[in-house]
2 protein chains.
Amino acid sequence: MSFFDSRWVERPDYVSELDAGLLPSGFLAGALAAGLKGDGALDVGVLLCMAPSVTSAARFCDSGVLAAPVVLCQTECDLQAIHVVVANSGNANAATGEAGLEQARRVQVGAANALGFEPRQVAVASTGVIGVELPGEQIADALMGVGPRLDGGHAGDFAAAIRTTDAIDKHAALALELSAGTVGLSAQAKGAGMISPHFATMLCFVQTDAAISAERADLLLAGACERSFNRISVDGQLSTNDTVLLLASGASGIEIAPESADEQRFAGALDALLRRLALLIVRDGEGAARIGRIHVTGGAADQTEAVARAIANSPLVKTALHGGDPNWGRIAQAVGATLRGTSPLEFDIQIEGIEVCRRGAATGHDLRRLTEAVKQEEVQYEVNLPGTGSFSECFFSDLSYGYVKINAEYTT
Amino acid sequence: MSFFDSRWVERPDYVSELDAGLLPSGFLAGALAAGLKGDGALDVGVLLCMAPSVTSAARFCDSGVLAAPVVLCQTECDLQAIHVVVANSGNANAATGEAGLEQARRVQVGAANALGFEPRQVAVASTGVIGVELPGEQIADALMGVGPRLDGGHAGDFAAAIRTTDAIDKHAALALELSAGTVGLSAQAKGAGMISPHFATMLCFVQTDAAISAERADLLLAGACERSFNRISVDGQLSTNDTVLLLASGASGIEIAPESADEQRFAGALDALLRRLALLIVRDGEGAARIGRIHVTGGAADQTEAVARAIANSPLVKTALHGGDPNWGRIAQAVGATLRGTSPLEFDIQIEGIEVCRRGAATGHDLRRLTEAVKQEEVQYEVNLPGTGSFSECFFSDLSYGYVKINAEYTT
């Protein structure tokens, strides 16, 4: 089965899939059990790039309650030249104050010492429960023995170590045919819930052996994140820990020049990769079984965006998706609730191409056909607001008994 | 058991409770089965005030997708002198366009003809599925025989006819001791879900036999709604049909003068009545078993309000409330997600008076005591943001399997 198993993401024709455990040249990865998950499971992932010419780029969430590892990365790392990534699951190290920052620093320094780098060359990331102290020394101790465990074929271990409630693997390795030759591109993501502080957070680590300047890497990553991780919602909740890191080793010897045709191809592959990973996070949304895509067109960008988000986050729309319920009135409700004071609003709704509402009023439709359409694994909704020129899309999961079960149970 | 059975609403000492089926003098009510619910259940409620001096006031939601009955009330009714209210359940008559407006008009004209009033003196309200044509003629036909069914002791029938998924009765009758004598005050509400278009909407009809000018009635109703129905959330969704109507018959012969001590007492009773009805809607939130109250203090009104709403609407906070889970990190997450870009944010969190977070960082707390505190039927959360002078409160229900079950099932 192809990694690109969604009608909403196409694999570019110059991209082929490799064994998902492989890393591009210049990278090693591995994982260890530091006792955070408590059952001997892998809970610390380490990624290493030895290439002296490494470049990197990073994106973080902008919560008012940023986790300690995010703050540490933003204030004490050289984010354009990261060589080592240490990511732990089982503890978010968020809302932990100065003490939490010190614990994150211990992990950073521990990895730097173990692998022979400066602390500023080591990025850290965490995911798990909020408000619990991270045992930084314990992780640093475990990191002392990590060197021999690192391998260019161990991306799967790294991916396993950063997962929490994830039920679906979220990593892939690709080969891209560029004009100057072939480069590798791989990524490992975790996330089941845009955020769930129970076991939470979206993390994604991307590697390539192409040579890219830090400035262009930043630009490419920003655009790809905007079209992928920034377009999904499991429960409309923003994490304290979200982190996306791209590292380029340059070890392939192939340089991607700014604004070149190769850069376009690389951007296309990065887009497809992150977009597919984002859809897997939605598909793996806590308790979720189905994905919806809402596509809103209209004249005002702020309106199309707000309406798309409101529909994606509406518990009524999400429970209807869960139940395979053709109750399109809930979409009308979400539109009206977002654009308050605009009545009478002339808007249209189509579900899987079946028009159910035109200019704000119900149209006759084939209920049997609609009922079948909303029972698919992927359901597409379209809303047209007055005007033209703007559009917004959002992918979302259904809201299920499973979500309630996962999130109603006790913290520990 | 007292109607005022919550620590968050006190019954003023000049207020006593009457049989909930009684209406103040000058009012008659009744109900009939017009076939909208389809099983012979009462689905149309009629309220009548014969007093020529009646005054009234109204409040509606401001969705961009307003239901036909709301539009009809706003454009074709004399909202300061309503004599008749016809409210149906089983069909919201929303997103039904011009045809829906015509059907609402048929109900209005039918009631006017049956009871001897002008159409502009008849208000209509609907609740139920969105996007389905209302059989106006069928309701108008049924209304022809409603006269003899109306009675001053039939408020319970009226309340039953407007209920949908409501599991809890939401009506009360009170006697208020004012300086000039005793007046009656009663109300019937429905709502189980701030909105659920499956069977949806918040409606409330209030009656008094005091004499109040339409202008003062409007002012009193606006304030009471702001402190009650505008402070609750079951699922953060805004209805297309919300309607609150206050009718004052003046039949007691007791006039409430503007800015008098009696007006203050009347306002206090109205506040308590609507606030208690609002809490019952939350308590009856689809599938809900428990109520949370979030109280946010700080220096900026827009921040306290946004944070209170975000916490009240967070599916993570609501599932934690459902599960009796002391996971306060979810509240920290909601605070940070609302006040993006403000990190490091110095905020405090108390749950039932137990401090769990101070200046943005976890404090030690007695987990056993906290765990017991969050298992009560009513749970109080407090968040302190930087600054002083502003506060916002919001009441919310838990998110349960029941909510998913009710809302995932098929429309019909």
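In this predicted model, helix H9 (residues 329-338) of chain B is largely enclosed by the rest of the structure, because 10 of its 10 residues are buried. H9(B) also gives the largest share of the side of chain B that touches chain A, seven residues.

**Helix H9 of chain B and its cover**

- The buried residues of H9(B) run from B:Gly329, B:Arg330, B:Ile331, B:Ala332 and B:Gln333 to B:Ala334, B:Val335, B:Gly336, B:Ala337 and B:Thr338.
- Buried here means that 20 or more other C-beta atoms lie within 10 Å of the residue's own.
- Two helices of chain B, H7 (301-313) and H8 (315-323), are included in what covers these buried residues.
- The cover of H9(B) also includes strands S13 (348-351), S14 (354-358) and S16 (378-384) of chain B.

**Strand pairing around S16 of chain B**

- Strand S12 (residues 291-298) of chain B runs parallel to S16(B), and seven bridges join the two.
- Within that pairing, B:Val296 has B:Val383 of S16(B) as its bridge partner.
- S13(B) runs antiparallel to S16(B), with four bridges between them.
- B:Ile351 is bridged to B:Tyr381 in S16(B).

**Contact between chains B and A**

- In the contact between the chains, 56 residues of chain B meet 56 residues of chain A.
- On the side of chain B that touches chain A, at least two residues each come from H8, H9, strand S15 (361-362) and helix H11 (401-408) of chain B.
- H9(B) supplies seven residues of that side, the largest share.
- By class, the side of chain B that touches chain A holds 26 nonpolar, 24 polar and six charged residues.

**Domains of chain A**

- Chain A is split into domain 1 (15-283) and domain 2 (291-408).
- The C-alpha centres of these two domains of chain A are 33 Å apart.
- Domain 1 of chain A brings 12 residues to the contact, and domain 2 of chain A brings 10 residues.
- Strand S10 (232-233) and helix H6 (261-283) of chain A each provide at least two residues of the side of domain 1 that touches domain 2.
- H6(A) gives the most to that side of domain 1 of chain A, with four residues.
- The residues on that side of domain 1 of chain A comprise five nonpolar, five polar and two charged.

Terms used:
Residues are numbered from 1 along each chain as its sequence is written. Chains are lettered from A and ligands numbered from 1 in the order in which they are written. This is a predicted model: local features need pLDDT of at least 70, side-chain atom pairs count only at pLDDT 80 or more; totals for chains, interfaces and linings use all residues. Domain bounds come from an automatic or database domain assignment. Two residues are in contact if their C-beta atoms, placed from the backbone, lie within 7 Å. Ala, Val, Leu, Ile, Met, Phe, Trp, Tyr, Cys and Pro count as nonpolar, Asp, Glu, Lys and Arg as charged, and the others, Gly among them, as polar. A residue is buried if 20 or more other C-beta atoms lie within 10 Å of its own, exposed if 12 or fewer, and partly exposed in between; C-beta atoms are placed from the backbone. Two strands pair if DSSP finds at least two bridges between them.
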